[in-house]
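Look at the sequence and structure before going on.

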2 protein chains.
Amino acid sequence: MPKVRLPTVSKALSVKTKTVYKRTYNQSLDLLGQMKPGQVLASEPVMAVKLGVSRTTVRAVMAELLRRGMVVIEGRSKLLARGPRRSDYLAGGDLEPLTDRVERQFMAWMVGPDCSPGHVVNGLDLARQFGVSTSSVRDCLNRFSLFGLLEKQSNGRWRARGLTVDFVAELFDMREVMEFRAVERFVALPADHPAWQELALLSDEHEALLFDLERRYREFSDLDHRFHRLIGSVAPNRFFGNIQGVMSLIFHYHYQWNKKDERLRNEIAVKEHLAYIAGLQSGDPAAALGACRLHLETARTTMLDSIVVSPS
Amino acid sequence: MPKVRLPTVSKALSVKTKTVYKRTYNQSLDLLGQMKPGQVLASEPVMAVKLGVSRTTVRAVMAELLRRGMVVIEGRSKLLARGPRRSDYLAGGDLEPLTDRVERQFMAWMVGPDCSPGHVVNGLDLARQFGVSTSSVRDCLNRFSLFGLLEKQSNGRWRARGLTVDFVAELFDMREVMEFRAVERFVALPADHPAWQELALLSDEHEALLFDLERRYREFSDLDHRFHRLIGSVAPNRFFGNIQGVMSLIFHYHYQWNKKDERLRNEIAVKEHLAYIAGLQSGDPAAALGACRLHLETARTTMLDSIVVSPS
DNA sequence: CCCTTGTTCTTTTTGGATAAAAGACATTGG
DNA sequence: CCAATGTCTTTTATCCAAAAAGAACAAGGG
């Protein structure tokens with residue numbers, strides 16, 4: 001394990017990131033772009049709820065719009081002076097909340113080649129690599145602790161348990177148990193339940209994807225997530241929700257590193273999904289469970305293979 | 001909801017607590033108490049592994065022992081000069097790691113009367129109440145987030161989901177699913193598996209408790225935890241482990257506030273446990289599952305009752 | 001009187017400082 | 001040469017400060 005010590009990334013001078021402001025500002029420009037000059041802007045409270053932020057932020061954005069001359073004040077109302085230009089938009093890497101960015105970087109690190117199971121996680125080092133403070137890393141580690149990918153040892157250090165065969169086995173065991181349960185409930189759903197309609201829609205999307213698989217096979221990941229979430233939604237359970245969250249995360253990041261046989265893998269999965277959907281729609285629990293079991297087994301095997309094959 | 005604003009608890013001057021040092025020091029006194037004056041102490045590395053801390057800490061303790069005259073140096077070895085006195089022990093509330101203390105306080109607050117479901121958690125206020133910094137509270141909240149008792153809303157605030165009927169339902173659903181699974185594996189265990197012996201031991205403990213229930217019924221909580229952990233241990237799964245952890249925590253803190261019918265509640269549970277154990281030992285999956293189902297149902301009902309009955 | 005804006009106060013987020021604890025390296029006695 | 005001790009470096013835990021974002025309060029216009 002080569003211990004590469006990256007130089008400290010140049011830090012911002014300010015303490016708290018202005019991501020909320022920046023995103024809101026850009027969104028406001030979008031809204032302004034749909035208006036005609038001279039038109040009256042919505043009031044601050046209205047804007048606030050529309051953009052999902054506090055009025056404080058809206059006011060900060062307004063001040064900037066005023067300063068740039070996109071908006072003028074007339075009496076008590078704000079008028080659009082000119083539409084936004086391309087150059088008015090704020091760019092930069094900090095349009096994403098810092099928390100999310102660190103989480104993303106950490107997850108990528110976790111399933112990447114620099115982290116082997118049993119590895120001791122060095123918070124300080126990660127902070128340097130990611131260009132953030134130790135506090136942010138610490139936050140991230142704490143949040144991930146219950147995912148089972150990390151373990152805190154007695155000396156206060158974190159140990160990566162990593163994407164081991166054990167981990168995958170336990171994760172899929174859990175998924176199986178919960179999904180079987182959900183399937184049983186699903187088939188018993190009344191015919192007018194909205195889930196059936198959603199299922200039909202998803203079925204169509206699967207067909208469409210299969211038809212144009214050559215080009216669109218990368219879209220499967222999202223479809224997969226939505227499909228399993230629909231199944232899970234009929235037996236709502238926050239713990240199950242968490243597990244699905246972990247699964248998505250793992251899948252997402254793991255298969256980012258591991259593109260082997262991606263097209264074939266997805267083709268098989270799409271077909272299995274369609275069989276699974278047919279099973280559900282048949283109303284026969286045994287058929288549905290059978291298709292479900294088959295699909296989960298394949299997913300498990302695929303994941304295990306990709307782990308064993310890629311020891312980097 | 002009366003918003004009581006407690007005054008800031010007087011803070012320690014130092015930044016990091018010296019709990020490790022203090023606990024190690026007291027433990028060392030215990031060890032010294034078992035020795036005779038003139039005897040040679042173990043070397044620093046040996047002490048370090050024995051006490052489960054770093055040599056740095058051991059050295060700090062040694063320095064204090066030397067200062068207090070309990071130990072003298074002779075050449076290269078350390079000799080016991082005098083046994084520890086009662087007054088040599090360090091007392092104080094900070095023998096417990098701060099993290100644990102905050103966790104405990106938070107949990108108590110969470111299931112206590114000051115926190116109703118839907119309540120917005122004010123980190124700053126909690127920090128003041130607990131006499132710690134916001135960072136510590138934040139850490140705690142982050143760690144608890146996946147337990148499902150807390151939810152982070154878009155504006156960065158935490159909302160308590162609390163011990164609602166929904167929560168209990170979902171928690172027990174999960175428990176049921178996982179425990180049934182474990183039971184199936186348990187009955188299929190080979191006769192020479194150590195779990196059988198442990199089970200027999202637990203059975204005896206249950207009998208003993210039942211025999212003297214009047215006085216010892218409060219010990220059930222611990223027994224319950226150990227029993228279910230044994231069951232779970234045959235189908236090891238870190239997610240299930242987490243769920244059991246939540247269960248224990250909830251039980252522990254919830255029933256601290258809710259002592260209603262405690263003796264009766266525990267008596268029923270002990271008897272159900274014994275039936276459950278008998279079911280397992282019979283080797284008949286159906287019998288074991290039946291007894292298990294019965295017990296979990298009772299536990300669920302009991303918990304639900306105690307929530308509904310005590311809206312404080 | 002309600003809704004908008006202006007103002008102030010709170011809470012959260014992030015980085016940084018510092019002591020505690022752990023770990024690594026150097027030295028020395030047997 | 002091995003293991004214990006002495007010294008130095010690194011990492012972690014904790015609190016604090018400052019800025020951002022949220023929320024509450026106050027004033028004014030229709």
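**Reading the model**

Strand 4 of chain B pairs with strand 5 (residues 158-160) of chain B over 3 bridges, in the antiparallel sense.

Q: What is the basis for the numbering and the cut-offs?
A: Residues count from 1 along each chain as its sequence is written, while chains are lettered from A and ligands numbered from 1 in the order in which they are written. This is a predicted model: local features need pLDDT of at least 70, side-chain atom pairs count only at pLDDT 80 or more, and totals for chains, interfaces and linings use all residues.

Q: In what order do the 3 strands of the open sheet in chain B lie?
A: Strands (E, at least two residues) and helices (H or I, at least four) are DSSP runs, numbered from the N terminus. Two strands pair if DSSP finds at least two bridges between them. Here the order is 3-5-4, and the pairing is antiparallel. Strand 3 (120-121) and strand 4 (150-152) of chain B are at the edges with a single partner strand each, so one side of each has no neighbour in the sheet. For a specific bridge, take Lys152(B): its partner in strand 5 of chain B is Trp158(B).

Q: What does chain A contain in helices and strands?
A: Chain A has 13 helices and 5 strands. Its C-alpha trace spans about 70 × 55 × 35 Å along the principal axes.

Q: How many residues of chain B are in contact with chain A?
A: Contact is a distance test: C-beta atoms, placed from the backbone, must lie within 7 Å. By that test, 19 residues of chain B are in contact with 19 residues of chain A. Helix 6, helix 7 (165-187) and helix 11 (238-257) of chain B each supply at least two residues of the side that touches chain A. Helix 7 of chain B gives the most, with 6 residues.

Q: Which residues are closest to DNA strand C?
A: A residue is near a strand if its C-beta atom, placed from the backbone, lies within 6 Å of it. For DNA strand C, 42 residues qualify; the closest are Leu98(A), Val20(B), Tyr21(B), Thr56(B) and Gly156(B). Elements giving two or more residues to this surface include helix 4 (98-111) of chain A and helix 1 (19-33) of chain B.

Q: And which are closest to DNA strand D?
A: DNA strand D is surrounded by 41 residues, the closest being Val20(A), Tyr21(A), Thr56(A), Gly156(A) and Leu98(B).

Q: Is Arg82(B) buried, exposed or partly exposed?
A: Count other C-beta atoms, placed from the backbone, within 10 Å of the residue's own: 20 or more is buried, 12 or fewer is exposed, and in between is partly exposed. Arg82(B) has 13, so Arg82(B) is partly exposed. Arg82(B) sits in the loop between strand 2 (77-80) and helix 4 of chain B. Leaving out residues up to four places away in sequence, Arg82(B) touches Pro37(B), Gly69(B) and Met70(B).

Note on methods. Two residues are in contact if their C-beta atoms, placed from the backbone, lie within 7 Å.
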